[in-house]
Structure formats: structure tokens, C-alpha cells
Amino acid sequence: MASSIPGVAELVAGARRLYGQVFGEEGPQVAVCAPGRVNLIGEHTDYNQGFVLPMALPMVTVVVGRETSGQDVTVVTATEDADEPHRVDFSLPSDGSPLSPGEPSWANYVKGVIQHYRAPVPGFRAVIASSVPLGGGLSSSASLEVAFYTFLQQLKPDDGDKISKAVACQQAEHTHAGVPCGIMDQFVSVLGREGHALLIDCRSLEATPVPLADPSLVILITNSNVKHSLTGSEYPTRRRQCEEAASILGKDSLRDATMKDLDEARGRLDDVTYRRARHVIEEIERTIQAAEALKRGGYKEFGRLMVESHNSLRDLYEVSCRELDELVSAAMEVEGVFGSRMTGGGFGGCTVTLLQAHAIDRTILHIQERYSGTPSFYVTTPSDGARALTLS
Ligand code: ADP
Ligand code: MG
């Protein structure tokens, strides 16, 4: 059956206990959380300045901690899957020189956020705990960055601008984790809203909340529990191919291109570049249509667009894998399922499935039966973005 998702209070309690064990008597002063996300449709469109339609998840990263008097920073993660050691100690450079990335790699996300924080950072101690699976495509990385930024806001407030916050967290991932990600993950982790998906225009950074709280619907996330090692190298390659296609078409980004532009230029593009660009141009259009369908309760149409998105990611963008294809095919065999697709960067991670609430048990059973690996299931609802929590 579906995994139960630990509540925020439970995570905070665990983080506080660990804080006490590591730092002794004086407990944490502040607590914050920031969610992971699932993208309903609009994959590999964010770095092409297109549209995406993600929602924030009930799975969150929590940070508890306290400001200290000096320049020293200690951060401990309670997450077992993070690389060892689970504690880092470093000093904030007093001369403003950059904090360089190093080992353990998880601490680079923290260092990056400190580097890009938009106000002075004091010394502090902090503990991280999370219910977002690491490396599963639900953006534990953005939830860590945004949680950390939110933590620093409690110690020394910045101007509070939420879009600049998302951009700073994206920068952290670029410069310190070496991942040239788009803006979607950090954006929705900051600005997600309970009961809504967010249609984000990744060019203007405008976001439109789209209601998604129909009790007759369920959003099921299935983790394939595989991650192929291609992920790291393929992502920058895809980005490059998109930039190349845009430049051949004489556009700033593929957001500005139409299928007519692409077909007219076909002779000047090699086959692979053509297919990458076609995915992006059509996926941007599908995402706009899907948001419209969702607004009017057109779940069947939404589901059909999800499957089209999956097929395009599989055949044109070539970022799916056997396991994700199996999960989608199995889900689509069940009556009551509207649509299913891979979500996130690809080559493993999760699928997202939209279905009628009454079909949830048989859908999970059927996927379990048909999938060659061992899946995990999360039944999710659109949740709020990052927030400060009260410590009782
Ligand atoms: P995803 O964002 O899809 O989960 P990524 O590979 O982008 O996958 O990010 C996962 C990495 O983020 C982990 O390997 C780890 O370095 C870091 N990370 C995320 N959450 C935590 C956490 N709770 N504690 C320590 N590191 C974390
Ligand atoms: Mg990530």
C-alpha cells in the first residue's frame, strides 16, 4: 500500500531530539520547512523559458537551529541517505571570499544558499530532517535549499521578495552543486499553495494558481526506486541541444519558436536536435492546454495530455527508461486512471498519475503486480510552500 508520509510536527520533533543530542542543553530557536514538488506536466520546459505545472508536496525538508555569536557554522543532517559524514563544521569567511564547495556533497547545497543569501549571514547551528526521498525526482535538493534560505530569513531577514528567493536558491544549485537546473523546483517550493497546482511562466516568472482540490481525484506518485547514472551527464546535454536549436531558429529560446518555425528549419537541424526541439515546443503548448483543462474539470483531457507528454519524453526527448515506461503502461491499464507520466528529469525517479479516488487501491495493486522492480507509492495533495513553524 501507499507509504505514510511523516507529518511536519513529527519531523520537527525528530530534528529537535537530534539537535539536543549534538549540541546539548540549549535547544533550537527557530524551525522552518519547505516542500518537495511533483510536476504534473511541462517537463524540460523550464530552462527553455516555457510553462510548467507543478504542485508542492506534503513531503518537506525541515531545518531547526539557532544563531550563535561567532562566525562558525555547524550543520547536521538526520537523513541517512545523505553522503557521510552527516555533520559539517566551517567558518563564514570574514573577508567576503566565497565558500567553496567540497565534501560531503550534501553540504554544498547549504553553502550555496549561504553564498547567495540576500542579507548578511551570522554563525549558526542547524539540524536538517526530511520526508522527501533523496534523488527520486521530487526535488529534495530544492526543498533543502529553500528550507535553508527560509531558516536564514528567521535569523537575519532579507527583503522578503519570494521570486528573488527562488532565484537565489536556483543559483545555489548552479554554483555549489554544479547542477544547471531551471527555476521550477525552487519556485514552487517557495510559492506553492495548498489545494492548487501552479502554472508558472518560466520567462516572466509569473505564476497562476490552478485549483486542484477535487475530493474525487487522487494524485499518486510512484517511485520506480531506480536511478540510472546517465542523469548527471544527459541533463546538460539536453540543455545544450535546446540552446543550439533555438540559435539555429534565430530565437532567444524555444519558448519563442512554433512548430512551423521548426519545420521550416528542418533541413538545417540534425535529426536529434529536431526531435529535442519538437518535444519542447509541443510540451509548452500541452502544458497551457492542460492548465485550461484542469480549470474546467476536464480530467480526461488532462490525462490524455499527460500520456502524450510521457510518450514525447520517451520518444523525442529520450529521457525515460524501461522502468518508468512500465509504470506508466501499468497505470494506464486500470479503469479510473485519467493519465500517467514520468516526472522530473528522467532516467528513473517517479511517475505521477491522476486517477479517480475510488480506483486508488486497485491501481496500486495492479502496478505492484506489473512492475518488474519494487515501487513505493505516495498519495499526495497540493500543499503550501516554505514557511516558518512555531516551536512549542
Ligand atoms: P532530487 O532533487 O530529485 O531529490 P538531486 O540529485 O537533485 O535529487 O538532489 C539530491 C541531493 O540533495 C542529495 O544527494 C543530497 O546531497 C541533497 N539533499 C537533499 N535532501 C537532503 C537532506 N535532507 N539531507 C542532506 N542532503 C540532502
Ligand atoms: Mg534536485
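An oxygen atom of ligand 1 lies 3.0 Å from a polar backbone atom of Gly137. The protein covers 83% of the 570 Å² of accessible area that ligand 1 has on its own. The model is predicted.

Ligand 1
- There are 17 residues around ligand 1, and those that come nearest are Thr77, Thr79, Gly135, Ser140 and Ser141.
- In the side chain of Ser140, an N or O atom is 2.6 Å from an oxygen atom of ligand 1.
- For the side chain of Ser141, the corresponding distance from an N or O atom to an oxygen atom of ligand 1 is 3.0 Å.

Second largest pocket
- The volume of the second largest pocket is about 220 Å³.
- Its lining includes Pro6 and Leu11, along with Ala78, Thr79, Glu80 and Asp81.
- Ala129, Ser130, Ser131, Val132, Pro133 and Leu134 also line this pocket.
- Sorted by class, the lining residues are seven nonpolar, three polar and two charged.

Cysteines
- The structure has zero disulfides.
- Cys202 is in no disulfide, and the nearest cysteine sulfur, that of Cys181, is 11 Å away.
- Cys202 is buried, because its relative accessible area of 9% is under the 20% cut-off.
- Cys350 has its closest cysteine sulfur in Cys321, at 11 Å, which is too far for a bond because a disulfide needs the two sulfur atoms within 2.5 Å.
- Cys350 is also buried, with a relative accessible area of 0%.

Notes. Residues are numbered from 1 along each chain as its sequence is written. Chains are lettered from A and ligands numbered from 1 in the order in which they are written. This is a predicted model: local features need pLDDT of at least 70, side-chain atom pairs count only at pLDDT 80 or more; totals for chains, interfaces and linings use all residues. Side-chain values use heavy atoms; hydrogens and water are left out. Buried means under 20% relative accessible area, exposed over 50%, partly exposed in between (1.4 Å probe, protein chains only). On a 1 Å grid over the protein atoms alone, a cavity is a set of points where a 1.4 Å probe fits but cannot get out, and a pocket is an open set with protein on both sides within 12 Å along at least five of seven lines; lining residues have an atom within 4 Å of a point. Grid points are joined across faces, edges and corners, and a volume is the space filled by probe spheres set on the points. Ala, Val, Leu, Ile, Met, Phe, Trp, Tyr, Cys and Pro count as nonpolar, Asp, Glu, Lys and Arg as charged, and the others, Gly among them, as polar. A residue is near a molecule or strand if one of its heavy atoms lies within 4 Å of it. A polar contact is a pair of N or O atoms within 3.5 Å; within protein, one must be able to donate a hydrogen and the other to accept it, and residues adjacent in sequence count only if both atoms are side-chain atoms. Accessible areas come from the Shrake-Rupley method with a 1.4 Å probe; for residues, only the protein chains shown count as cover.
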